[in-house]
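Student: I would like to go through this model step by step. Please show the sequence and structure before we start.

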Amino acid sequence: MKQNNIQLNDDGQLRHFISIEGLKRQVLMDILDTAESFISVEAQQVRKVPLLRGKTITNLFFEPSTRTRNTFELAAKRLSADVLNVNISASATSKGESLLDMLHNLEAMHCDMFVVRHAQSGAAHFIAQHVAPHISVVNAGDGQHAHPTQAMLDMLTIRRHKQTFADLRVAIVGDILHSRVARSQIHALTTLGVTEVRVIGPKTLIPNDIASLGVHIYHDMNEGLRDVDVVIMLRLQKERMSGALLPREKEYFNLYGLTCEKLTLARSDAIVMHPGPINRGVEISSDVADGPQSVILEQVSNGIAARMAVMSMLLGQRFANETEGGQ
Amino acid sequence: MKQNNIQLNDDGQLRHFISIEGLKRQVLMDILDTAESFISVEAQQVRKVPLLRGKTITNLFFEPSTRTRNTFELAAKRLSADVLNVNISASATSKGESLLDMLHNLEAMHCDMFVVRHAQSGAAHFIAQHVAPHISVVNAGDGQHAHPTQAMLDMLTIRRHKQTFADLRVAIVGDILHSRVARSQIHALTTLGVTEVRVIGPKTLIPNDIASLGVHIYHDMNEGLRDVDVVIMLRLQKERMSGALLPREKEYFNLYGLTCEKLTLARSDAIVMHPGPINRGVEISSDVADGPQSVILEQVSNGIAARMAVMSMLLGQRFANETEGGQ
Amino acid sequence: MKQNNIQLNDDGQLRHFISIEGLKRQVLMDILDTAESFISVEAQQVRKVPLLRGKTITNLFFEPSTRTRNTFELAAKRLSADVLNVNISASATSKGESLLDMLHNLEAMHCDMFVVRHAQSGAAHFIAQHVAPHISVVNAGDGQHAHPTQAMLDMLTIRRHKQTFADLRVAIVGDILHSRVARSQIHALTTLGVTEVRVIGPKTLIPNDIASLGVHIYHDMNEGLRDVDVVIMLRLQKERMSGALLPREKEYFNLYGLTCEKLTLARSDAIVMHPGPINRGVEISSDVADGPQSVILEQVSNGIAARMAVMSMLLGQRFANETEGGQ
């Protein structure tokens with residue numbers, strides 16, 4: 001719990017956004033409501049609001065990710081912030097100055113927010129522990145730990161289709177073991193009070209202790225999909241796996257790939273989600289990915305709005321406090 | 001013809017800008033007139049207009065090109081658009097998601113325009129066929145096919161010096177075979193109604209079917225330059241050539257390099273153009289490139305204005321239609 | 001002297017900023033006063049002024065430097081300028097067009113300022129000699145020659161702590177031989193009229209002719225630090241050194257590393273400076289770098305303000321003149 005409290009200031013308001021774990025339902029609902037307001041901004045002719053004019057948002061990417069960086073960059077620009085992209089290869093950091101010295105330098109340049117992506121679990125939390133009081137940290141994915149803005153855009157997408165979270169059955173399918181996305185989704189779904197979260201996958205890709213998060217485990221996809229309202233497919237991250245954890249690709253698709261046939265087991269109005277990029281024919285068939293139940297591209301759009309929400313809340317909150325607190 | 005109609009919407013207005021081929025004279029004149037108005041913007045103290053504020057222009061460069069990307073980026077920024085640079089190495093695309101999935105993702109992020117550069121002829125057209133209705137595509141060079149904004153900046157430069165296109169004789173010199181620039185220039189010049197277009201080069205570098213475009217072919221440069229009003233030199237793109245298509249560099253310069261001496265064969269007020277970057281001493285001598293008849297650097301300036309014109313027309317058009325059409 | 005006059009226009013006002021050498025005390029004081037005004041901008045909620053709106057500042061980095069480029073980019077954005085980053089690997093320049101052709105192209109694109117970093121001494125001066133009248137050049141570090149904006153941010157930091165330059169004793173410690181930073185600092189300090197500048201280092205790392213600049217040379221750090229008001233540590237640039245110029249790292253630290261113990265030899269209110277990035281345990285101990293006398297991070301903050309000052313003076317000056325001079 002202490003690990004997550006770093007996200008809140010003394011008034012219980014968001015200061016960093018590192019992990020869904022430990023955040024109250026109301027905080028998540030506030031993010032969703034704020035994101036909803038930005039969806040209308042996106043629909044305007046001039047897709048830009050001056051909320052963060054004069055603020056500097058720094059993308060600190062220790063792990064390459066064009067797509068996620070693009071969404072954060074677009075979200076920041078549509079809030080009128082200035083964006084500084086800093087790509088750090090592991091070698092550069094080890095040769096040169098220490099990580100903390102680099103952070104303190106960026107702080108001294110009056111950056112306001114660090115958006116952090118790192119291959120090691122805990123990196124964003126470590127950075128949040130060490131930044132100056134005027135900096136907010138957003139976790140854009142740390143190792144196998146968390147990817148909280150992804151989870152929030154997923155919740156936004158679910159809410160826009162299903163209105164409430166109560167009474168929902170949600171299945172998350174695939175490589176749960178290596179997935180920071182799945183971990184953040186599970187925390188978000190249980191905090192928002194869905195009826196049931198199921199994880200579906202081979203034994204080798206489901207961590208032993210996952211049941212302690214309140215989810216039900218299925219190794220048979222046909223059983224697991226029965227009557228669910230939401231199917232979340234995970235990307236098969238081949239590059240994350242070592243050893244013989246999974247059967248060959250074709251066998252995997254037969255067992256855990258989502259096809260139109262398997263999808264009929266879910267409720268007829270079930271939606272299909274995927275964090276992208278999708279591997280067609282590996283974890284999802286093309287007719288499902290492009291089919292009427294797929295909301296995969298809506299997730300991408302909602303990702304901009306959800307990130308705008310988190311960024312504006314983190315920085316907006318701080319300024320409000322500064323003003324009240326007499327600077 | 002069908003291939004080019006994709007560029008126009010139902011009202012015959014520009015929606016994409018893929019190729020000069022198939023566009024009517026009036027469309028080209030509109031681009032030139034609009035570009036002319038942006039030249040005065042460039043001369044102002046504050047070199048910026050708010051026409052595309054809140055729009056997102058994405059540079060999709062599958063082929064590296066610092067110079068062309070810079071001009072599109074500057075043009076977009078001077079229209080107050082936000083710019084997202086996406087550099088795609090061939091390998092990244094093949095490993096990860098499909099091209100179309102990537103495009104649909106960028107669409108879902110509410111990008112408004114894709115500026116596409118690709119080593120394969122037809123790539124921009126393929127992308128234009130598959131994008132959502134709210135996206136415009138600009139071809140920034142596809143294989144050996146077309147480079148239409150380059151042709152428009154060249155036409156702008158010619159018009160600023162010669163006022164009208166009628167009565168002009170224009171010679172294009174060099175590697176016609178591999179040149180997307182030459183192909184677009186020929187279409188633009190004939191559409192705008194010049195008296196004569198000549199292509200000059202060795203047999204190995206002039207395609208057999210080029211005469212069908214209405215140009216005259218010369219293999220002797222001294223003959224070809226006689227009495228022309230405009231000399232357009234092409235860059236010798238060594239990297240594009242395979243096999244023994246051309247004589248050694250020095251021999252090439254003797255036969256097809258533009259020198260002061262050869263230039264005297266043209267009209268005394270002829271202008272010398274080159275799309276850059278120039279190979280001094282290969283296709284053009286330094287005293288010509290830097291001499292009084294050279295307008296090479298004006299072409300670069302006009303390139304910003306021409307690209308601002310195309311971008312603002314494509315996006316402005318759409319908005320006008322949306323408003324009229326009741327959103 | 002002639003070499004530096006290129007920096008001034010006919011009215012004696014700054015046009016380029018290449019080197020501190022040859023600039024009058026009043027010019028340096030103007031930069032410091034202007035920078036001081038930007039420190040208050042940095043403290044505002046909206047950290048942005050519209051001074052250079054519509055101007056284009058081009059970062060021309062022939063030598064990689066994330067940190068320095070970031071500070072120039074942030075400074076430019078906070079002045080509301082558009083920024084174009086052009087990274088030129090040596091190979092690209094040699095293969096393609098000549099340096100001057102590239103510069104003239106950027107000029108034709110209506111860039112207003114080139115911020116130049118280059119491994120060769122004299123590169124920024126060479127470029128300033130060849131640019132069009134509407135371009136200003138800022139030297140962001142050239143070989144072992146000069147790094148004048150670094151010197152100005154250092155002077156700003158000193159003045160904010162010591163109020164005046166008179167009566168100050170300043171020691172610069174380390175690899176003077178390879179340091180463009182040291183050279184610019186020495187010129188700035190002597191021009192601003194400090195009482196004494198000392199350089200401290202091993203014989204192999206202090207150039208023979210340095211005494212001609214009016215500095216005192218010390219090889220014994222304990223002697224050199226006695227009663228100084230300011231200690232400037234230099235980064236040990238291992239990558240710049242070839243041959244056996246310096247003893248092993250540990251021995252170097254014993255002789256010339258700054259420790260709390262050695263620091264007691266300076267005045268009790270002495271400040272400790274370092275251009276960064278610091279090598280902890282090589283030229284400076286962590287307890288000094290993070291201690292109460294260290295102003296290293298203030299230098300970073302002041303770096304943004306100093307660069308905003310130089311940029312706005314160079315471009316602002318020009319506009320003022322243009323207006324007075326009737327365009």
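The questions below concern a predicted model.

Student: Which element of chain A gives the most to the side that touches chain C?
Tutor: In this interface, 15 residues of chain A are in contact with 19 residues of chain C. Strand 2 (82-87) and helix 5 (99-108) of chain A each supply at least two residues of that side. By class, the side of chain A has five nonpolar, six polar and four charged residues. With four residues, the element that gives the most is helix 5 of chain A.

Student: How is helix 2 of chain C oriented to helix 7 of chain C?
Tutor: The axes of helix 2 (residues 25-43) and helix 7 (residues 148-162) of chain C come within 10 Å and cross at roughly 70°. Angles of 65 to 115 degrees count as roughly perpendicular. The orientation of helix 2 of chain C to helix 7 of chain C is therefore roughly perpendicular.

Student: How many nonpolar residues are in that contact of helix 2 with helix 7 of chain C?
Tutor: Helix 2 of chain C contributes C:L28, C:I31, C:L32 and C:A35, and helix 7 of chain C contributes C:M152, C:M155, C:L156 and C:R159. The contact has no polar and one charged residues, and the nonpolar count is seven.

Student: Is strand 3 of chain C largely enclosed or exposed?
Tutor: C:M113, C:V115 and C:R117 point one way from strand 3 of chain C, while C:F114, C:V116 and C:H118 point the other way, and all are buried. Six of the six residues of strand 3 (residues 113-118) of chain C are buried, so the strand is largely enclosed.

Student: Which residue of strand 4 of chain C is the bridge partner of C:V115?
Tutor: Strand 3 of chain C pairs in the parallel sense with strand 1 (residues 56-61) of chain C over five bridges, and there C:V115 is the bridge partner of C:N59. Five bridges also join strand 3 of chain C to strand 4 (residues 136-142) of chain C, and these run parallel. In strand 4 of chain C, the partner of C:V115 is C:V138.

Note on methods. Residues are numbered from 1 along each chain as its sequence is written. Chains are lettered from A and ligands numbered from 1 in the order in which they are written. This is a predicted model: local features need pLDDT of at least 70, side-chain atom pairs count only at pLDDT 80 or more; totals for chains, interfaces and linings use all residues. Axes are lines fitted to C-alpha atoms, for helices over the stretch in contact, and angles run from 0 to 180 degrees between N-to-C directions. Angles under 35 degrees count as roughly parallel, over 145 as roughly antiparallel, 65 to 115 as roughly perpendicular and the rest as oblique. Two residues are in contact if their C-beta atoms, placed from the backbone, lie within 7 Å. Ala, Val, Leu, Ile, Met, Phe, Trp, Tyr, Cys and Pro count as nonpolar, Asp, Glu, Lys and Arg as charged, and the others, Gly among them, as polar. A residue is buried if 20 or more other C-beta atoms lie within 10 Å of its own, exposed if 12 or fewer, and partly exposed in between; C-beta atoms are placed from the backbone. Two strands pair if DSSP finds at least two bridges between them.
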